[in-house]
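Have the structure open as you read.

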Amino acid sequence: MKNIIRFLIALVSISTAISCTDDVKNRDAVSANTAPTLKSPTSLTVVLDKNNPNDLATTVVWDYAAYNGTATVINYNIEFAAAGTNFASPTTIATTTNKYQNFSVDELNTAALNAGFAPFVASAIDVRIKATVGTTGSIPQTSNFYTITLTPYPAWPNWGIIGDATPTGWGTDTNMDYNLSTHLYSITIHMTAGGGYKFRLDDGWAVNFGDDGNDLSLDPNGANIPISVTGDYKIVANFSSVDLPGMAAKHYSVTLQ
């Protein structure tokens, strides 16, 4: 009797193994069929306004991709790339399983900055959809693309230089660049002897710095910083209240190039 039971167990195990093997063999492999189709925005030119961060900036819409074989989850990556680069170095700005994605002003601004597009500059950006399956992002299918133009604003305080030593005088600020690694602001700018300059926040006088002692320290509402030699200057500033590598808090440097 024991031998019969052992035989039956072995027979069931073999049958189960054969059934599983047949199931694997008969299962359809997943393969590409139809790529997604980007529907909108077909064109978009916008200067993003930091005063309305929650407003709807745009909605990206596409048709679903299709795959052959066993049904699986399809992920959609929305990609940005500099116009004309053929997506050589794309940046994924959002991922979803839907066929649309809303972007607020703040979200679209963050996407542009993360993709490497400079604030205050109107940048031509190619947009496309890349579909993939599974958790490993396999079997990609990419859509057509459209080109949009975005002018992002900085997601950090906007410091600039103004003064009669600068090319634009006291009428217009020249914005400084912000380094995400060092947290320092810098600019290389042509200055004219006999004039001066100051630093100010957001193109207004509510928050501004000069230098009362001309000792490279930033003083609130301080005196104009004089320029005695005409030439190109590199100016670096630490507007924060903490010391940073290479520069003390509320200090700046100015170097004739």
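Which residues lie nearest the centre of the largest pocket? They are Pro119, Phe120, Met176, Asp177 and Tyr178. Keep in mind that this is a predicted model.

**The pocket**
- The largest pocket has a volume of about 160 Å³, and 14 residues line it.
- That lining splits into 11 nonpolar, 2 polar and 1 charged.

**The nonpolar cores**
- The largest nonpolar core has 27 residues, and Ile78, Phe80 and Leu150 touch the most other members.
- Elements giving two or more residues to this core include strand E4 (56–63), strand E6 (74–82) and helix H2 (105–114).
- Strand E9 hands over the largest share, 5 residues.
- Leaving out residues up to four places away in sequence, Ile78 touches Val60, Trp62, Phe103 and Ile129, among others.

**The aromatic rings**
- There are 13 aromatic pairs.
- Trp62 and Tyr76 make a tilted pair, because their ring centres are 5.8 Å apart and their planes sit at 45 degrees.
- Trp62 is in strand E4 and Tyr76 in strand E6, 14 residues apart.
- Both ends are buried: Trp62 at 0% relative accessibility, Tyr76 at 1%.
- Trp159 and Phe239 are stacked, since their centres are 3.9 Å apart and their planes at 10 degrees.
- Trp159 lies in strand E11 and Phe239 in the loop between strands E19 and E20, so this pair ties together parts 80 residues apart in sequence.
- Trp159 and Phe239 are both buried, and they belong to one aromatic cluster that also includes Trp156, Tyr178 and Tyr252.

Key
Residues numbered from 1 in each chain as written. Predicted model: local features only at pLDDT ≥ 70, side-chain atom pairs only at ≥ 80, totals over all residues. Heavy atoms only, no water. 1 Å grid on protein atoms, 1.4 Å probe; cavity = no way out; pocket = protein on both sides within 12 Å on 5 of 7 lines; lining within 4 Å. Points joined across faces, edges and corners; volume = space filled by probe spheres on them. Nonpolar A, V, L, I, M, F, W, Y, C, P; charged D, E, K, R; others polar. Core = buried A, V, L, I, M, F, W, Y, C linked by side-chain atoms within 4.5 Å. Buried < 20%, exposed > 50% of the residue type's maximum accessible area, 1.4 Å probe, protein only. Helix = DSSP H or I, 4+ residues; strand = E, 2+ residues; numbered from the N terminus. Contact = heavy atoms within 4.5 Å. Phe/Tyr/Trp six-rings, centres within 6.5 Å; stacked < 30°, edge-to-face > 60°.
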